[in-house]
Amino acid sequence: MEEKKRTVTKVTSGKKAAAETAEEVKTTGKKAEGLTKAEEKSKAITLRIVSAILWVLAIGCEVLAILCLFKALRLPGLSQMWWMIIFIVIDLALCLVAGFLWKKASHLDPFKKTNNKVGFVILTQLGVIMAAICFLPLIILVLASKDKIDKKSKIVVTIVAIVALLIAGLLGADFNPISAEEKAAAEQQLGDFAKVYWTRYGHKYHLYEGCQAIRNSSDVSYSEGEEIDGEFVPAVRVAMDNGCTGLCAFCARDAEKEGINLDGVHLEDGTRVSGDEAPAEDLTLAPADGE
Ligand SMILES: [Zn+2]
């Protein structure tokens with residue numbers, strides 16, 4: 001695929017230009033590049049295809065482990081138990097990468113939630129489902145097997161496979177899912193913010209540089225609303241593309257004070273700090289982004 005040269009123009013329009021004029025903000029973090037809608041979509045498709053291939057290979061490793069169990073596959077050099085463990089570890093590695101890429105795709109090009117809540121959960125949490133498919137059948141077969149494997153090896157293989165299942169399930173789960181509708185609402189309602197901030201390990205984004213959740217963080221990334229190939233890419237989209245799917249509760253409160261409508265916007269933990277509630281001062285001592 002030929003990559004055509006992108007044209008990026010800085011856009012300074014928008015109601016929130018005030019945030020900028022308050023002296024050229026001394027943002028210390030690194031700027032993240034935005035993607036157009038078409039770029040998001042094509043990147044997501046690629047990531048999903050790669051995930052699917054990796055999951056198929058992972059299942060292949062599970063099958064090889066099962067063949068070792070039934071002694072249909074006898075490999076030289078190592079014992080039956082060790083070959084099974086090797087296949088389980090490769091299975092896990094493939095599963096983890098696939099789950100990571102799948103989540104990344106779900107943030108770039110989220111699934112729709114309206115009219116299909118179950119489908120949304122299944123697709124968004126596919127990493128967990130695939131983890132189960134990649135390890136559960138093997139675990140059940142090992143536990144059910146008699147005379148196929150000696151007792152000690154059976155215990156070791158079972159424990160390794162269960163640990164792999166738990167790791168793959170936990171890391172494959174999307175704890176910060178976002179729907180296409182929520183992403184569109186955020187772009188629409190918060191698209192005027194010229195800059196949006198987040199921390200490296202955070203899962204939420206901030207609209208105000210002075211937000212207490214990031215004020216003391218030395219690891220802040222940011223994005224700027226800009227024109228890319230003739231399309232306006234709002235700063236908030238870049239934050240969501242980078243896995244920061246929810247709006248920080250403090251920033252949500254401040255935005256509401258400014259009269260900004262947050263309907264449909266995905267909020268941090270689905271909650272917001274209510275209007276007059278003074279944020280606890282010691283929260284500034286919490287680790288960056290409070291994750
Ligand atoms: Zn904030």
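## Terms and model

Two residues are said to be in contact if their C-beta atoms, placed from the backbone, lie within 7 Å. By that criterion Phe 135 touches Glu 62, Ala 161, Ala 164, Leu 165 and Ala 168, when residues up to four places away in sequence are not counted.

The model is predicted, and local features need pLDDT of at least 70, side-chain atom pairs count only at pLDDT 80 or more, and totals for chains, interfaces and linings use all residues. Residues are numbered from 1 along each chain as its sequence is written.

## Overall composition

The protein comes to nine helices and seven strands, where helices (H or I, at least four residues) and strands (E, at least two) are DSSP runs numbered from the N terminus. Of its 291 residues, 39% count as buried, a residue being buried if 20 or more other C-beta atoms lie within 10 Å of its own, exposed if 12 or fewer, and partly exposed in between. Among contacts in the protein with a separation of 6 or more, 76% are between residues 24 or more positions apart.

## Nonpolar cores

A nonpolar core is a set of buried Ala, Val, Leu, Ile, Met, Phe, Trp, Tyr and Cys residues joined through C-beta atoms within 7 Å. The largest such core has 37 residues, and those with the most contacts inside it are Ala 65, Met 84, Cys 95, Ala 98, Phe 135 and Ala 161. Helices α2 (37–69), α3, α5 and α6 (151–172) each supply at least two residues of this core, with the largest share, 13 residues, coming from α3. A second, separate core of 31 residues includes Tyr 222, Met 240, Cys 244 and Leu 247.

## Packing of α3 against α5

The axes of α3 (residues 80–108) and α5 (residues 126–144) come within 9 Å and cross at roughly 165°; these axes are lines fitted to C-alpha atoms, for helices over the stretch in contact, with angles running from 0 to 180 degrees between N-to-C directions. The two helices are therefore roughly antiparallel to each other, a description used for angles over 145 degrees, whereas those under 35 count as roughly parallel, 65 to 115 as roughly perpendicular and the rest as oblique.

On the α3 side, Asp 91, Cys 95, Ala 98, Gly 99, Trp 102 and Lys 103 meet Leu 126, Gly 127, Met 130, Ala 131 and Cys 134 in α5.

## The surroundings of His 206

His 206 lies in the loop between β3 (204–205) and β4 (220–224), and is buried because 31 other C-beta atoms lie within 10 Å. Leaving aside neighbours within four places in sequence, His 206 is in contact with Val 196, Tyr 197, Trp 198, Cys 211, Ala 213, Ile 214, Cys 248 and Cys 251.
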